[in-house]
Amino acid sequence: MITTERNTVLQQLVSGASHDELVWISGYLSGLLGQQPNRAVLPHSASLNITLAYGTETGNSKALAHKLAALGKRQKHKMKVVALDQYKPTQLAGEALFIAVVSTQGDGDPPIAAQRFFDYLIQEQPDLAGLQFAVLALGDSSYPRFCQAGIDLDQLLRQNKATRVQKPLLCDTDYESAAIAWFDQLLTGLGDPDGQSVPPMLANAPAGPAKKVYAGGITRHINLNDRGSDKATYHIEIAAPGIAYQPGDALALVPENPATLVEDLLALTGTYATQEVSYRGQQRPVYTLLQKELNISWLPERVVAAYAAIVQQEIPETKIGLKDLLKIYPLKAPAQFEEVLQVLEPMAPRQYSIASSPAAHPGEIHLTVALDTFSVAGEVRHGLCSHYLSLQEDSVLSFRIHTNNRFRLPPENKDMIMIGPGTGIAPFRAFLNERDADGAIGRNWLFFGDRNFTTDFLYQTEIQSWLETGLLSRFNAAFSRDQEEKIYVQHRMEEHGAELYKWLGEGAYLYICGARVPMAADVEATLLRIIARESGESTEAAQQFLEQLETEGRYLKDVY
Amino acid sequence: MSTKLSSTERIKTDSKGLRGTLKESLLDEHTGALREDDQVLIKFHGMYQQDNRDRREERAAKKLDRLYSYMIRLRLPGGFLTPEQWIAVHEIAGQHTTGVIKITTRQTIQLHGILKAKIKPTIKAFNEAILDSIAACGDVNRNVVAAAYPSQSAVHRTVHQLADKISAYLKPKTSAYYEIWLDEEKIIEKEETDELYEDRYLPRKFKVAIAVPPNNDVDVYTNDVGLIAIVEAGEIKGYNIAIGGGMGSTHGNSATYPRLATPIGFVDNEEKALKAVYEIATIQRDYGNRSDRKLSRLKYTVDQYGLDFFCDELERRMGFALETTKEVIFTTRADEYGWQQTENGTWTYTLFTENGRLLDEGDVQLKTAIYEVAQTGKANIRFTCHQNLSLCDIALPDKPVIEALLKQYGAIAHTEQASVVRKQAMACVAFNTCPLALAEAQRYMPALISSIEQLLHQYALDDEEIIMRMTGCPNGCARPYAAEIGFVGTAYGRYNVYLGADRAGTRLNKLYRESQDEAAILALLDNLFKQYSEQRLPGEAFGDFSLRAAWV
Ligand SMILES: Cc1cc2nc3c(=O)[nH]c(=O)nc-3n(C[C@H](O)[C@H](O)[C@H](O)COP(=O)(O)OP(=O)(O)OC[C@H]3O[C@@H](n4cnc5c(N)ncnc54)[C@H](O)[C@@H]3O)c2cc1C
Ligand SMILES: Cc1cc2nc3c(=O)[nH]c(=O)nc-3n(C[C@H](O)[C@H](O)[C@H](O)COP(=O)(O)O)c2cc1C
Ligand code: SF4
C-alpha cells in the first residue's frame with residue numbers, strides 16, 4: 001500500500017509530533033483527500049442505519065458508544081453497538097454508516113480487543129469503496145502518541161477506499177461533551193469530510209482541569225512486604241493539600257531515568273552532560289533531556305527502525321533499551337547521537353490507583369506501588385517508574401490526577417463486592433476509607449490475594465480493624481504460594497459462590513481491580529461459572545446477567 | 001473461693017469439650033492468630049500460640065500483623081520414641097516448622113514456628129506415626145515424666161509402663177482433638193462425659209513425675225505429684241507419694257512462691273499409686289483456686305487447706321490409707337553421658353544437646369546424627385528431663401555402627417568436649433517466642449556459661465558439677481529454684497541470682513542478689529568461686545557451701 005521509503009519518512013514526520021502538529025497534519029492530509037472524488041453524501045434528516053463499533057481497554061469507549069447510541073435512537077436513527085473483537089470485518093462492505101470509537105493503549109497501540117480488526121485492514125486490504133465511516137478517538141494527551149490508534153484507524157479505512165463522513169475527533173480525558181457535539185454534528189448532516197465544518201477547537205476535546213500538574217512531597221514511604229518476601233510493594237504518602245480527587249481516580253506521573261543509565265549513554269556516545277541540544281524546537285542540556293524527558297529504557301519497534309535508518313544497519317524489529325542498542329549497533333560517528341535523539345520519544349506517564357480517601361485522609365494522596373521485577377538474560381531488572389518510586393523516600397513528585405468516572409463508589413446504601421489482589425487493593429482502600437468517613441450503610445466484602453500470607457499481606461492490620469469495626473462484613477484472602485496447589489482470589493470466590501450470588505441478587509455492586517492478565521480474565525470466567533451454577537442457567541444466560549450488571553453500572557473494572 | 005472465677009474458667013466450661021470455635025478460627029483468613037478464647041483452648045490440644053517478638057515493631061510499621069505461629073508439644077509419657085517415630089518427627093520438623101527439634105525439660109519434644117494453616121497437616125502426620133499432642137499443655141495432667149537413668153533397666157521398664165498408665169488414666173475424654181485436627185466425624189448424641197475433668201478441667205496445669213533413687217534426674221519434688229519408686233533387691237516394692245511441688249512464682253507477688261513437694265506417705269502397689277494420683281487430681285479439681293490463676297497450682301491448695309486435711313480427704317476418696325513414707329536417698333540429678341551398659345546387657349548412649357535444641361550447626365550435626373541412627377532401626381530414643389537424648393536398647397553387635405555414625409556427625413566430640421557445668425545447665429525458651437519472657441535465657445545462657453567456665457578454670461573448679469539454670473521470667477520453666485545457681489530474668493539483660501539448693505534437688509535455693517547484669521553476675525561469681533575454692537570441705541557441693549558460708 002505504501003512503500004517502505006515513504007513509510008519511514010512518514011514515521012519520522014509523525015513520530016514525536018505534538019498533538020497540535022498531528023491535528024494540523026491530519027487536517028492537511030484529509031484536505032488533500034477531500035480534493036479526491038470519493039466524498040461522503042449524507043442524506044439530510046433521514047433515518048440512518050448506524051453501526052457503532054468500539055475498541056476498548058478500560059471501558060470508556062464502550063460506555064461512550066452506548067451513550068451515543070442512545071442519543072441516536074432518540075433521534076429515530078437505527079443504532080447497533082458492537083465490540084470490535086466481536087465484529088466480523090467482512091461485514092464492513094454491507095454497512096451503511098460505520099462509526100468506530102477506539103481508544104489508544106500502550107505506546108500508541110490499539111486496545112488488545114481491536115488489534116485483530118486493525119490487522120485485517122492492514123493485511124487483507126479489503127476494498128471498502130462505498131463504506132461511509134467516522135472515527136472517534138479516545139486518548140490522553142499526556143501520552144506522547146495522543147490518540148494514535150484512532151488516527152491510524154481513520155487512515156487505514158481511507159487507504160482501503162472507505163469514505164470518511166467527518167473528521168476524527170481526538171478526545172482527551174475529559175471527552176464526553178465534545179464527543180456528543182461531534183456526534184450531533186455528524187447526525188445533523190453537517191459533517192464535512194473536508195474538515196472545515198468541525199471547528200479546530202472541537203476537533204480536540206478541550207484539556208480540562210485534570211491536566212493540571214501538581215507537586216507534592218513524599219511524607220511516608222514503607223515497603224509493605226516483610227523480610228524474606230520476593231516482592232516489594234511500597235505504600236507511599238504524598239502531601240497534597242487542596243488537590244481534589246475522588247476515590248477511584250489515579251495519579252499519573254512521568255518517572256526519571258536513572259542517572260547511571262544517562263551517564264552510561266553519554267559515555268558510550270562521547271557526549272558532554274552539559275551539551276545543549278535541540279529537541280522538538282527547544283534547547284536544553286542533553287543530560288536533562290535524557291534524564292527527564294525521553295524514553296530510553298525500552299524503545300518501541302518504530303524507534304528502533306528509525307535508529308537503524310540512521311546507523312544504516314539491519315536491526316531486527318524488536319523492543320530494546322537505548323543502551324543495548326548503542327552497544328550492539330554503535331553509531332558511525334559521535335555526531336549521529338543528536339540525530340538519534342530526534343527519533344526518540346517522550347516518556348509516557350504511568351498511572352497508580354489512589355489508595356487514600358479525600359474524606360479520611362484530607363490533604364494526602366496514598367499510592368500502593370509494586371516494584372515491577374523481570375529478568376533479562378538471567379539478570380534481575382526493574383520497571384522504570386516503579387523502581388524510581390521505590391527509591392524516592394522524601395522527594396517531591398510532580399503528577400497529575402487521572403479522573404476515572406467509570407470507577408466510583410456505589411450509592412451509600414448499596415452493597416459492594418471488591419476483588420483486588422495485589423496492588424488491586426489500592427482503590428478499595430480508598431473506597432472503604434471513604435465509606436467509613438461518610439458512614440455509608442451498604443455492606444462491604446473484600447477479596448484480597450498475594451503470594452505468601454506472612455510476608456505479602458498488604459494492609460493486613462488495616463483490614464483487621466475494618467473487620468473489627470464492621471466496616472468489612474466479609475473478607476476472604478488467597479495466598480497462592482503457601483501450599484503446593486496455587487490458590488487465587490477466584491478460588492475463594494468459588495468457595496463462597498452462593499453467598500456472592502446472593503449479594504448480587506440483592507443489588508450489590510461488583511468491582512475488580514488489579515492485573516489484567518491473568519487475574520481479571522480468570523476472575524470474570526469464575527464469576528460466569530458462579531452465576532450459571534447458582535442460577536441454574538446456561539453460560540449464555542450468565543453472560544447476559546453480567547452484561548446487565550455492567551449496563552446498570554454495577555460491574556466495574558479497573559485493570560491494567 | 002468467694003471471688004469471681006477467672007476468665008479461663010468460663011472459657012473451659014463454655015468450650016463444648018475443648019472445641020470452642022477452633023474450627024472457625026482455623027478458617028479466619030485475615031489473621032494467623034486464633035480467636036481469643038481458642039488461644040486458651042488450643043493449649044489443651046498441646047499447642048501454644050506464639051509470635052516472634054523480635055519482629056513486632058518492624059511488622060507493625062509495615063501494616064502487618066504479628067508473626068504468629070504455633071508451638072506443638074507431644075504427649076510422650078516417659079519420653080520414649082521408636083526409630084520409626086523419630087524419622088517421622090524429623091521429617092515433620094523439616095516441613096512446616098523452624099526445623100529445630102526442641103527437647104523439653106519434661107521429656108518430650110516440641111516444634112516451633114508452625115503457621116496456622118499448617119497445624120492440621122502437622123497433626124495428621126504425627127497421627128500417622130501414632131503420636132499425639134493431647135493435653136501436652138493446658139489445665140490438665142501434663143506429660144508424665146519418669147526416670148531415664150539407664151543402668152537400672154528392670155525397674156525402669158515398670159516405671160515407664162506406669163507413666164503410660166497414668167497418662168492414659170488422666171487423659172481428657174473429649175474427642176475434640178480428633179474432630180478438629182483429624183477431621184473425624186463428631187460423635188454427637190451422647191456428649192462424652194469426663195468424670196475426672198467434668199466440664200471445668202483442673203484449675204491449673206498438673207505435673208506428675210516418677211523417680212527411681214538414688215538419681216533424681218526427673219527433679220521429682222518440683223512436680224505437683226511425685227512418685228518415688230522404692231526398690232528393694234531389684235524390685236519395686238511400692239511408691240512414696242509427694243505432693244505440692246511447683247516452681248512458678250511472680251515477681252512482686254509475695255503470695256506466690258516456688259515449693260518442693262512434700263512426701264505424704266507410701267503405697268505398696270501400682271494400682272494404688274494410680275488411684276492416689278487420680279484422687280489427688282480430683283481434690284485439686286474441687287478445692288483448687290479458680291479465681292486467681294497465680295494461686296491455683298496444687299501447692300497453694302495444699303498450703304491453704306493443710307496437709308492433714310488434704311491427706312484425710314485423699315484417703316477418704318481412695319478408700320484406703322497411706323502407709324508411712326519410706327526413707328529414700330537421692331545423691332544426684334545428673335544425666336549419665338556417653339556409653340552405659342544396662343542390666344540386660346544392651347547399651348545406651350546419652351548425648352548432650354545444649355538446652356535441648358537439636359539441630360545441625362557446623363561440624364556438630366546432631367539432628368542428622370540421630371536421623372541416621374534412627375534409619376538403622378537399631379536404637380530406640382529416650383529423652384531426659386535435662387533436655388538430653390539417649391539412644392537406648394542397642395545390642396552389642398550394633399554398637400560400632402552407631403558409634404561410627406555419632407562420630408561422623410560430631411555428636412561424640414560434642415558430648416565429650418562440653419564442660420561439666422555446661423552439661424548440667426538448663427535454660428528455658430524465653431525470647432523470642434515466649435510471651436512472658438522478661439529476659440533472654442536459651443539464647444544467652446550458652447555465652448554466659450563460656451564466661452563462667454573461665455572463672456571456674458581460674459579456681460581449678462572445672463570438674464565441679466555445679467547445677468546452673470536460667471529462666472526468662474519467674475514462671476520457672478527450667479526449674480531455676482532447684483539449681484545451685486539460679487538465674488531468673490527480671491528485665492532485659494538483668495537477672496535475680498539464687499543460691500543454695502542441693503545437688504540432688506531436695507532443697508530450694510534462696511534469693512542472693514536482685515537484678516544483676518552480666519558484669520555484676522561475673523563479678524559476684526568470681527568472688528563466690530574464690531571463696532568456695534579456698535574454704536570448701538572435701539567433696540562439699542557448691543550449693544551446700546553456699547548455705548554454710550551464709551551467703552543466703
Ligand atoms: C489505571 C491504572 C492503574 C494502575 N494502578 C497501579 C497501582 O495502584 N499500583 C501499581 O503498582 N501499578 C499500577 N498500575 C501499573 C503502573 O502504571 C505501571 O504500569 C507499573 O508500575 C510498571 O511501570 P514501570 O515504569 O515500573 O515499568 P516499565 O518500565 O514500564 O516496564 C514495564 C514492563 O516492560 C518490560 N520492560 C521494560 N523495560 C525493559 C527492558 N529494559 N528490558 C526488557 N523488558 C523491559 C518489562 O516486561 C516490564 O515489566 C496501574 C496502571 C494503570 C493503567
Ligand atoms: C497503559 C495505558 C497507556 C495509554 N497510552 C496512551 C497513548 O499512548 N496515547 C493516548 O492518547 N492515550 C493513552 N492512554 C489513555 C487511554 O487511551 C484513555 O484512558 C482512554 O480513555 C481509555 O479508553 P478505553 O477505556 O476505552 O480503553 C493510555 C492509557 C493507559 C492505561
Ligand atoms: S520461664 Fe518464663 S520466660 Fe521461660 S519459658 Fe517459662 S514462661 Fe517463658
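Which strands and which helix of chain A each supply at least two residues of the shell around ligand 1? They are strand 12 (350–353), strand 13 (364–370), strand 14 (373–376) and helix 13 (384–391). Helices (H or I, at least four residues) and strands (E, at least two) are DSSP runs, numbered from the N terminus. This is a predicted model, in which local features need pLDDT of at least 70 and side-chain atom pairs count only at pLDDT 80 or more, while totals for chains, interfaces and linings use all residues. Residues are numbered from 1 along each chain as its sequence is written, chains are lettered from A and ligands numbered from 1 in the order in which they are written, and side-chain values use heavy atoms, with hydrogens and water left out.

Strand 12 of chain A gives the most to the shell around ligand 1, namely four residues. The shell has 20 residues, of which Gln351(A), Thr368(A), Asp372(A), Cys385(A) and Ser386(A) come nearest; a residue is near a molecule if one of its heavy atoms lies within 4 Å of it. By class, nine are nonpolar, seven polar and four charged. Here Ala, Val, Leu, Ile, Met, Phe, Trp, Tyr, Cys and Pro count as nonpolar, Asp, Glu, Lys and Arg as charged, and the others, Gly among them, as polar.

Oxygen atoms of ligand 1 make several polar contacts (pairs of N or O atoms within 3.5 Å; within protein, one must be able to donate a hydrogen and the other to accept it, and residues adjacent in sequence count only if both atoms are side-chain atoms). The distance to a polar side-chain atom is 2.8 Å for Arg350(A) and 2.5 Å for Asp372(A). For Tyr352(A), an N or O atom of the side chain is 2.7 Å from an oxygen atom of the ligand. Ligand 1 taken alone exposes 970 Å², and the protein buries 76% of that; accessible areas come from the Shrake-Rupley method with a 1.4 Å probe, and for residues only the protein chains shown count as cover.

Two strands pair if DSSP finds at least two bridges between them. Axes are lines fitted to C-alpha atoms, for helices over the stretch in contact, and angles run from 0 to 180 degrees between N-to-C directions.

Within this sheet, strand 7 (residues 214–223) of chain A pairs with strand 16 (residues 396–402) of chain A over four bridges, in the antiparallel sense. Ala215(A) has Ser398(A) as its bridge partner there, and Gly216(A) stands opposite Leu397(A). Strand 7 of chain A is also joined by five bridges to strand 8 (residues 233–239) of chain A, again antiparallel, with His221(A) partnered by Ile236(A). Contact here means heavy atoms within 4.5 Å.

Ligand 2 is surrounded by 19 residues, the closest being Thr56(A), Thr58(A), Asn60(A), Ser61(A) and Thr104(A). Its shell divides into four nonpolar, 12 polar and three charged residues. A polar backbone atom of Arg145(A) is 2.9 Å from a nitrogen atom of the ligand. Alone, ligand 2 exposes 650 Å², of which the protein buries 87%.

In chain B, the shell around ligand 3 has eight nonpolar, four polar and no charged residues; among them are Cys428(B), Cys434(B), Cys473(B) and Cys477(B).

Chain B also has an open sheet of five strands in the order 1-2-5-4-13, with antiparallel pairing. Strand 1 (47–51) and strand 13 (357–358) of chain B stand at the edges with a single partner strand each, so one side of each is left without a neighbour in the sheet. Helix 5 (residues 83–96) of chain B packs on the sheet, touching strand 4 (101–103), strand 5 (109–114) and strand 13 of chain B.
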